[in-house]
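The sequence and model come first.

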Amino acid sequence: MDGGGSSAESEVVETERVAYNDAVVRNFIWASVVFGVVGMLLGVIIALQLAWWPANAASFLTFGRLRPLHTNAVIFAFVGNMMFAGVYYSTQRLCKARMASDLLSNIHFWGWQAIIVSAVATLPFGITTSKEYAELEWPIDIAIALIWVVFAVNFFWTLAKRREKHLYVALWFYISTIITVAMLHIVNSLAIPVSFLKSYSVFGGAQDALVQWWYGHNAVAFFLTTPILGIMYYFVPKASGRPVYSYRLSIVHFWALVFMYIWAGPHHLLFTALPDWAQTLGMIFSVMLWAPSWGGMINGLLTLRGAWDKLRTDPVLKFFAAGVTFYGMATFEGPLLSIKSVSGLAHYTDWIVGHVHSGALGWNGFVAAAMFYWLVPRLYGTKLYSTKAADAHFYMGTFGILIYALSMWASGVTQGLMWRALTSNGALQYPNFVETTVAIQSMYWARLVGGLLYLAGMCVMAWNLVMTARAGKAVNVETNVTYAKDTAPPVRWTEVVFAMPVVLTAVVLALLGTLAFVDGMAGVFTVGMAFGIGTVGAILMQVARGAGGASWHRLLEGKPLAFTAFTTIGVLIGGIVEIVPIVVQKPSDPRTTNAPAPLRSLELAGRDVYISEGCYVCHSQMIRPFRWETQRYGERSTIMDSMYDHPFQWGSKRTGPDLAREGGKYPNLWHWRHMIDPRATSPGSIMPPYPHLRSNTVDFARTSASMSALRTVGVPYTQEQINNAPNEARTMAQAIVRDLREQGVPNVQENSELVALIAYLQRLGVASPPAVAAHTTSASTNNAVASR
């Protein structure tokens, strides 16, 4: 593996015997394989549910309940376990040292599996925070933080015990992952508990949206990207027998990626009620990400120079080459989708689903397969059981991804164009949302075919790896490691911290820092840009003049603590500049003079039902400032509309229509019928029925605790309202029940979850609460069908 040189005169070569802990690597590999198959199976099930709604077989197996379980299984169970396997294997070899603690390694493994099992035990039963990729409730969040600390301690302790002085590039990416994921998880998971398995985010509305997508985007960046890049930098050279193409390019790739990625989250919120400056900032950094991302792809692919002929016969290199290519394509499409004009068409559509899956299945899935096919034979002292089966897996996976992505691209573009289509006189050409659903139904079946192919490939891989393991036996590698013991005086930390790159960055910040006070957000943006340009430029300067001696970066590689500190600073800059101004500023909108009244007790209970059933997975609550959206859904959403929503419910996908202004559109009877049998009110709908909500009950007495928790995070409930919450909820429920009975619905329980959900839906978009009485409207139920 290439890197800078050092003086041989100041080094003494020594040899020691090291026994690596490969048992934990094997454990993580098998956990990843099992959960990979399970995660893909869940994906196939929910794909079937969208193509054929009767597949929603039970209340705990509906699309809204299973979709979060699918994403958690794929991200944290499949990719997470794979990532830990790669980190544990490569770190020991790169440090020429056994992991510091076998106990911590085992705690990490079993703790992580317990967290995954807890997700299985909660998400299908509606125990969720509704925050994308962070749905697990607060006790599990605490467990995640603790297990992550165990992982971090074991990793950094191993770095401290290393025999190899310089940190190889893979370790840089592991460091950034450990630091940033901890920061993201802790901040986004801040919540006020209501009970053992219920909590509310401390952030609300636009603040919560920004924090969530700062986390959500960077979970993709620092859980699904940076550690996998580290694995690429280690295993691609190993598998191909070639050194990394460019050491200098890896430096630029790492620092530019780590610094820029953290800023890009707001591109998920373009055209929403988020302040324009934050949206623009996210878009600009997302576009800039194209350069470092492709730098990594180029470095990975060009490492295969001289080994391309092996791709015909070596499935490991096939998977690595295809995986890195999918990474390049995904990181081209991501910046493209962050451009406002493109986002206006693609956001909320299946295009985003296709983008996410081409990256996850192609990049993460294929790199995982390549690593497993390379590692398992070595961990069991044998050869891969069947190269032909691995080749079959490759082609099944490739065609599965292509069918999946192409169908979702076609579906997404169709959705975007149909939603915005206007007639010659300016009316909506497709006023009924279901018309779009019917038009894309064939694409959902095509997606199912693609998913089945990919799942079949995963099953072939699992069989092949099991047969490989059975053909050999577990090997715990014990080997002599040779390393250079540096006898020269150690480099003082001041030589690293006060070197030219750092000084240059500090000077640039000092000269431009006052702009933050003179020119508001423009100044903050300038400071952030200056830091990025100054840091990357300084590193480039030092690398360029490193021929005459050790470059600054080469010195930094020998100082893990300093390296970690600089990485942390680079990540924190973007987070602080973006998050702090929004979090500390009270939401305001010049078009809205009065803040909306917070939800009343029964409406709050109804929102809990809405979240529990996963309605947020298919419905948004954010009307963008487009003519076709305001004509279809009502007045555009403002930052004030959701200021008391903890958590926010803006959504990220519209499988069904937006609900931001749903209140008062339809009578209570319409909502009752729609939830019991969606096809009765909306022919062609693919929404699952929710008859269980009639018999499931709400505990009115617990509404006081919910309101009290929300008061803690700033929702202006009075003590009188909190004390009276159960009585208010009962009175509101009785009014809805009377109205339903008058419309011919008998035997309605006043504490039914469906009654509470109706109360919530009737409040959406209504700033001031209506009088506590039966809700009626002049529009008949039959006339309401046309718009759905």
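A crossing is called left-handed if the near helix is turned anticlockwise from the far one by less than a right angle, and right-handed if clockwise. Helices themselves are DSSP runs (H or I, at least four residues), numbered from the N terminus. By that convention, α2 passes α13 in a left-handed crossing.

Some ground rules: this is a predicted model, where local features need pLDDT of at least 70, side-chain atom pairs count only at pLDDT 80 or more, and totals for chains, interfaces and linings use all residues. Residues are numbered from 1 along each chain as its sequence is written, and side-chain values use heavy atoms, with hydrogens and water left out.

Here is the packing geometry, with axes as lines fitted to C-alpha atoms over the stretch in contact and angles from 0 to 180 degrees between N-to-C directions.

| Helix pair | Angle | Axis separation |
|---|---|---|
| α1 (residues 23–51) and α2 | about 155° | 8 Å |
| α2 (residues 63–95) and α13 (residues 350–379) | about 40° | 10 Å |
| α7 (residues 226–240) and α10 (residues 290–302) | about 15° | 10 Å |

For orientation words, under 35 degrees is roughly parallel, over 145 roughly antiparallel, 65 to 115 roughly perpendicular, and the rest oblique. So α1 is roughly antiparallel to α2, α2 and α13 are oblique to each other, and α7 and α10 come out roughly parallel.

What does α2 touch α13 with? Contact means heavy atoms within 4.5 Å. On the α2 side, the residues include His70, Phe78, Met82 and Tyr89, and they meet a set in α13 that includes His357, Asn364, Phe372 and Trp374. Sorted by class, this contact has 12 nonpolar, five polar and no charged residues. (Ala, Val, Leu, Ile, Met, Phe, Trp, Tyr, Cys and Pro count as nonpolar, Asp, Glu, Lys and Arg as charged, and the others, Gly among them, as polar.)

The crossing of α1 and α2 is left-handed too, and their contact has 23 nonpolar, eight polar and one charged residues.

α7 also passes α10 in a left-handed crossing. Met232, Tyr233 and Val236 of α7 make this contact with Gly296, Asn299 and Gly300 of α10, giving three nonpolar, three polar and no charged residues.

How values were computed: Helices (H or I, at least four residues) and strands (E, at least two) are DSSP runs, numbered from the N terminus.
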